[in-house]
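Morning, everyone. I have one structure to go through today, so please look at the screen.

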Amino acid sequence: NSVETDTPALAFLLAGAAFFLARRWIPAGILFALAGCTALQTLPVIVILLAGGLLRREKMSRAAILAAGAPFVALAAWQLSQWILIGRLPAAKLAGYMMFPAYFNVEAKLGSALVLLGHLGATVVVAPFRLTWRKYFYLWLPLVPWAWPSGYPYWQRTLLVAFLVLGLETVIWLAGQIKEQPLLALWCLGYFVFVLAAFFAGSARYLMPLAVPLAILFVRQNQYRRWRLWATLAIGAVLGLNLAFADYELARVYAELPQPNREANFAWMAPPNREAN
């Protein structure tokens, strides 16, 4: 259950992107529609792919625009079907979630942004660039109060600072890749900006849609430095196993919790009482 919809959504998105870049519009539209209906955070990537073709001054056909618009049409059709069946729009429930105070809390947003920056740094553990801490030292200063929380061992605080530094360096490096690899760099940067604006809980799974283009850029940058590739693979494997174990330990907690009231959780899906209205 902890995987949720992220893995199938990522599979649909990447397969759709491959067909879209190969100009096979029908399978691209179908896969994009499946991705958009599985996880809403895949929609910005589809828009970025379409915008990337326009920025390269390619003539985008109607079929390309229809393929990119397929998930939005599918979601609109689903909303309409739910309105016909139960008399309510799922988008109304989503709008209710977006009214949480944390969405408008600047401190929560900043905290989420820094956490996501640390997750980005953990994605590329061995930096494919020279550290620019002297040139961008002023950008690091605001990280210090956030990266040194009380109640944690010093080695964990040091690791957090290291990941935040790598995350900031990754953003700077991606900005420098726009000229050489505009589509992949804009995919990563554009989606990262969306995540910072859209979410207030900095979960690492939100960054999954940019992991593959980031890995492609990393390999292209270090294709002649094999030691960096092997070191990244080794460190990533160790981190991945530890994170998987931590996730397993967290999931075990749910077995000790009381069962939720399912009727109360799904009461919003019940059709409205037309007689009372």
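This is a predicted model: local features need pLDDT of at least 70, side-chain atom pairs count only at pLDDT 80 or more; totals for chains, interfaces and linings use all residues.

Now the chain as a whole. Of its 277 residues, 34% are buried. Among contacts with a separation of 6 or more, 70% are between residues 24 or more positions apart. The accessible surface is about 17600 Å², and carbon and sulfur atoms hold 68% of that.

On that surface, L80, W83, I84 and L89 make a nonpolar patch of about 440 Å². L80 sits in helix α4, which covers residues 62–86. Its relative accessible area is 52%, so L80 counts as exposed, the cut-off for that being over 50%.

Next, the aromatic residues. The structure has three aromatic pairs. In one of them, F20 and W25, the ring centres are 5.2 Å apart and the planes meet at 70°, so this pair is edge-to-face. Both F20 and W25 are buried. Y191 and F194 also pair, with centres 5.9 Å apart, but their planes are at 40°, so that pair is tilted.

Where do Y191 and F194 sit relative to each other in helix α10? They are three residues apart in that helix, residues 182–198, so about one helical turn separates them. Y191 is buried, at 0% relative accessibility, whereas F194 is partly exposed, at 27%.

Back to F20 and W25: ring pairs join them with F32 in a cluster.

Note on methods:
Residues are numbered from 1 along each chain as its sequence is written. Side-chain values use heavy atoms; hydrogens and water are left out. Buried means under 20% relative accessible area, exposed over 50%, partly exposed in between (1.4 Å probe, protein chains only). Contact means heavy atoms within 4.5 Å. Accessible areas come from the Shrake-Rupley method with a 1.4 Å probe; for residues, only the protein chains shown count as cover. Patches are made of residues with over 30% relative accessible area and no salt bridge: like charges are joined within 9 Å, nonpolar side chains (Val, Leu, Ile, Met, Phe, Trp, Tyr) within 5 Å. A salt bridge is a side-chain nitrogen of Lys or Arg within 4 Å of a carboxyl oxygen of Asp or Glu. Helices (H or I, at least four residues) and strands (E, at least two) are DSSP runs, numbered from the N terminus. Rings of Phe, Tyr and Trp (its six-membered ring) pair if their centres lie within 6.5 Å; planes under 30 degrees apart count as stacked, over 60 as edge-to-face and the rest as tilted.
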